[in-house]
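User: Hello! I am new to reading protein models, and I would like to go through one with you. Could you show me how to read its features?

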Amino acid sequence: MKGLTSEEASKKIEEYGKNELEEENPTTKLDVLKRQFSSVLIWILAVAAVISFAVGEMLEFYFISAIIGIIAAMGFLQEWKAEKAMEELQNMTSPTVEVYRDGDITEVESESLVPGDVIKLEMGDKVPADAEIIESTDIRVDEAILTGESEAVSKENGDEVYSGTTIVHGRCEAEVTKTGMNSKLGEIAEEIQGGEDDTPLQRKIDGLGKKLGVIALAVSLVVFGLGLMENAPVGQILIVTLALAVASIPEALPLTLTLTLSLGMREMAEKKAIVKKMLAVEGLGSTTVICTDKTGTLTKNEMTVKKMWLDNQELGVTGSGYIPHGTITDENGEEIEPESETLRKAAETAVICNNAELMKDEAQYSLSGEPTEGALIVLGEKLGLEKEEIDEKYSREKEILFTSERKMMTTINSIDGETHAFTKGAPEIILEKCSHIMIEGKKIELSSEKREEILKKNEEFAENALRVLGLAYRENVSEPYSDENIEQNLTFLGLAGMIDPAREEVAEAIDECRTAGIDVKMVTGDNPTTAKAIAEDIGLAKNPKVLTGPEIEEMTEEELEEKVPDVDVYARTQPQHKLHIVEALQEDKEIVAMTGDGVNDAPAVKKADVGIGMGMKGTDVTKESADMILQDDNFETIVTAVSEGRRIYDNIEKFTTYLISRSYTEISIITLGLIFLGFEYLPLIALQILFLNVIGQEMPAIALGLDPETEGIMERDPRPTDQELLDQRNLFLVGSMAVFMGIAGFTVFMLGNPLDNLDTARTMVFAAIVLMIMAHTFNFRSLTDSITDISLTDNKWVLASIATITPVLLTLIYWEPAASLFGHVPLGPREWAITIGGALATMGFIEALKKIANKIYGKGY
């Protein structure tokens with residue numbers, strides 16, 4: 001009990017290291033910066049910059065380099081901000097512990113604990129390291145963080161307490177056995193270390209980038225070969241090749257994607273969801289299955305008395321969690337006045353025979369002590385009995401402790417010169433100690449028939465997943481205050497049935513998930529009865545299908561994969577079971593989101609396509625594994641995030657189709673120019689293309705990325721997991737638009753008489769494409785619906801982008817320094833009429849093309 005000396009502790013800390021969880025590869029600023037260069041599209045831009053530098057087009061080189069820099073900077077700032085927000089959440093843990101050093105009690109940083117240290121733990125303390133109990137008094141531990149079970153576990157001398165768990169009752173001295181990464185918490189932390197899988201969006205973006213890169217390379221090689229065959233000057237060939245390479249790469253795409261995801265992250269943060277990596281934002285919109293922990297996620301992790309039995313009747317108790325507001329109802333659910341003397345005596349007993357404390361911080365209530373006792377205090381407050389006043393009124397003389405063998409607890413209290421005993425515990429044990437029962441305020445003898453009736457009601461409550469306690473008292477007791485002397489001839493008062501209640505908003509959130517085609521599955525360490533009752537309560541299923549961890553162990557991988565789609569509730573699960581469930585669902589081609597707060601959730605949270613951690617009650621290990629952290633621990637926030645993810649993906653699809661159709665319009669125009677006019681009369685030069693692809697298209701594309709969600713976005717099924725950004729429907733749109741708009745643009749170019757007035761013709765085709773860019777923004781606000789069915793004013797960013805581009809276009813044509821740089825000349829009324837006519841013709845074509853695509857491919861998923 002003397003513990004270690006300071007010298008021994010110093011030597012051991014050198015041997016075992018600090019008592020802290022270590023990241024194998026902690027995220028640094030450099031890591032976050034490197035992530036910004038992981039996209040294939042960024043590398044394609046880098047190649048374009050190198051080509052520009054090689055042929056001496058330095059303006060283009062600086063332009064593209066600036067784009068890459070902006071993309072990297074924006075992505076870095078947003079993701080590093082999310083990392084810092086997570087660090088702040090991790091710093092909310094208590095850092096000190098009482099330990100015996102040099103024979104005296106002292107307070108030290110928990111990270112300085114070493115094996116062999118003897119620590120003191122009391123109610124409310126978080127266990128700082130794995131330790132073996134040396135000496136204890138009625139110790140009970142909340143191990144939900146490890147096991148997922150909401151019921152506290154009784155411990156005895158020689159038992160282990162584990163790092164991260166919480167003492168909810170009693171006190172103890174314990175010898176530290178394992179610290180840091182050697183603790184049970186550390187074992188799980190080590191299990192989740194390692195590489196990370198790409199998100200669904202990242203895989204799609206990279207796939208698209210590779211295809212665009214192949215097309216750019218193929219087009220450039222073909223043109224370069226044709227130039228050599230025609231004996232064109234090498235310098236001219238390189239300039240044409242550069243123009244085509246630049247045209248085939250939608251330079252605005254990575255920047256628009258970064259901005260859209262970055263702004264999406266910011267919006268989610270405002271809605272209490274911190275997304276750690278940008279590409280994970282969209283993953284939520286793809287989710288087909290949410291695997292959610294029960295304790296603290298679907299439920300409040302706040303035990304609540306829901307039913308009572310006394311005065312020969314069953315009563316209901318309204319209210320949920322630790323908020324002390326609620327009423328008493330009869331068997332029909334009608335509110336009744338709590339005038340019963342038996343009810344008041346039962347509530348008094350529940351509050352008196354109690355060591356917990358209900359605390360209020362502004363509008364928030366929290367508990368110090370065991371959840372079961374907290375539920376009884378809240379019951380008392382609902383009936384107007386405040387614990388502080390009761391404790392002053394009934395002075396405690398003695399406590400006969402609860403133990404796992406006794407399954408009951410008694411306090412002896414004095415009031416007005418009299419001494420009474422108040423008892424709570426397992427109903428079957430309490431009834432054995434009772435000789436009388438109070439009915440409507442009168443004490444009568446407890447018959448064997450009544451005893452059987454009470455036990456039957458106890459079984460009924462238990463079958464409904466309620467944890468049941470019996471309440472009893474005895475008047476005018478005298479010393480000795482031993483269990484043998486006091487706990488006999490008690491008067492039975494009634495039963496209190498409690499449960500960790502579902503969050504009020506969960507049922508509606510699950511219903512919304514169901515409407516959105518998302519399957520919600522409960523995965524918990526709790527027992528099947530409780531888990532099933534909660535599942536029915538929240539509307540997860542009318543008759544939930546339950547599969548237990550031990551049953552999973554008996555299955556092969558193939559059997560589990562076959563079983564998982566139909567299971568609603570997984571109970572009695574261990575961390576390895578949760579991991580197998582996620583893997584089995586992924587084998588069934590599901591996009592899996594896993595929510596969790598306890599350490600037991602961390603491996604599965606990391607493995608899931610979208611890992612969701614809880615910011616308030618979650619452990620550092622789980623938050624580190626997650627892609628997204630809920631600051632309010634609210635399941636409903638997930639539904640909001642899913643909706644936001646769907647909106648973001650819809651918009652990514654819009655601006656990707658928009659930008660690529662624009663890029664390949666330029667390729668069509670240049671190709672037609674090469675076919676009919678040769679290398680000398682190029683319709684567009686590289687600088688014009690860069691402006692069109694970056695400045696001209698960037699603002700409208702960003703505006704499309706900020707489009708509000710479409711009506712009914714949460715009333716459709718998730719996208720098929722194998723659907724590409726450019727699926728068959730969108731490829732049809734891109735190809736058809738590129739060909740028609742290319743023809744329209746080349747026609748405008750030819751009407752400008754390029755053989756005699758090349759600069760005028762180039763200016764006209766440049767202006768026509770800019771006008772198309774502005775006009776088509778309205779077309780692309782929906783890839784399926786007509787422009788007449790879309791509000792033209794509900795996206796202010798589209799209007800702002802057009803208002804910005806118009807004066808820029810006029811400046812590049814009529815302001816001499818800019819016009820000379822681009823090779824532009826002023827246009828007259830005839831040229832403007834041709835240019836505007838070409839742009840308007842393409843608007844009508846796009847609307848007709850949407851209708852054709854709808855008939856051939858439908859309106860998408």
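This is a predicted model: local features need pLDDT of at least 70, side-chain atom pairs count only at pLDDT 80 or more; totals for chains, interfaces and linings use all residues.

User: How many cavities of 30 Å³ or more does the structure hold?

Analyst: Rolling a probe the size of a water molecule over the atoms shows where empty space is left. Here, the structure holds one cavity of 30 Å³ or more. A cavity is a set of points, on a 1 Å grid over the protein atoms alone, where a 1.4 Å probe fits but cannot get out. Its volume is the space filled by probe spheres set on the points, which are joined across faces, edges and corners.

User: Which residues line the largest cavity?

Analyst: Lining residues have an atom within 4 Å of a point. For the largest cavity they are Met268, Lys271, Ala273, Thr637, Thr640, Ala641 and Glu644. Helix α25 gives the largest share of this lining, four residues. Sorted by class, the lining has three nonpolar, two polar and two charged residues. (Ala, Val, Leu, Ile, Met, Phe, Trp, Tyr, Cys and Pro count as nonpolar, Asp, Glu, Lys and Arg as charged, and the others, Gly among them, as polar.)

User: How do α25 and α26 pack?

Analyst: Two packed helices are described by the angle between their axes and the distance between the axes. Helix α25 (residues 635–677) and helix α26 (residues 686–705) pack at an angle of about 160°, and their axes are 10 Å apart. Therefore α25 is roughly antiparallel to α26. That term is for angles over 145 degrees. Axes are lines fitted to C-alpha atoms, for helices over the stretch in contact, and angles run from 0 to 180 degrees between N-to-C directions. The helices are DSSP runs (H or I, at least four residues), numbered from the N terminus, and strands are runs of E, at least two residues.

User: Which residues make that contact?

Analyst: Contact means heavy atoms within 4.5 Å. On the α25 side, Phe655, Tyr658 and Leu659 are among them, and on the α26 side the contact includes Ile689, Leu692 and Pro700. In total, nine nonpolar, five polar and three charged residues make up the contact of α25 with α26.

User: What about α25 and α28?

Analyst: Their axes lie 12 Å apart, at an angle of about 160°. So α25 is roughly antiparallel to α28. Tyr658, Arg662, Glu666 and Ile669 of α25 meet Val765, Ile769, Met772, Ile773, His776 and Thr777 of α28.

User: And at what angle do α28 and α29 cross?

Analyst: Helix α28 (residues 758–779) and helix α29 (residues 796–814) cross at roughly 175°, and their axes come within 10 Å. That makes α28 roughly antiparallel to α29. Their contact divides into 13 nonpolar, three polar and no charged residues.

User: Where does the chain hold a cis peptide bond?

Analyst: Look from Glu479 to Pro480, where the peptide bond is cis, with omega near 5°. Pro480 sits in the loop between β21 (467–474) and α17 (483–486).

Notes:
Residues are numbered from 1 along each chain as its sequence is written. Side-chain values use heavy atoms; hydrogens and water are left out. Angles under 35 degrees count as roughly parallel, over 145 as roughly antiparallel, 65 to 115 as roughly perpendicular and the rest as oblique. On a 1 Å grid over the protein atoms alone, a cavity is a set of points where a 1.4 Å probe fits but cannot get out, and a pocket is an open set with protein on both sides within 12 Å along at least five of seven lines; lining residues have an atom within 4 Å of a point.
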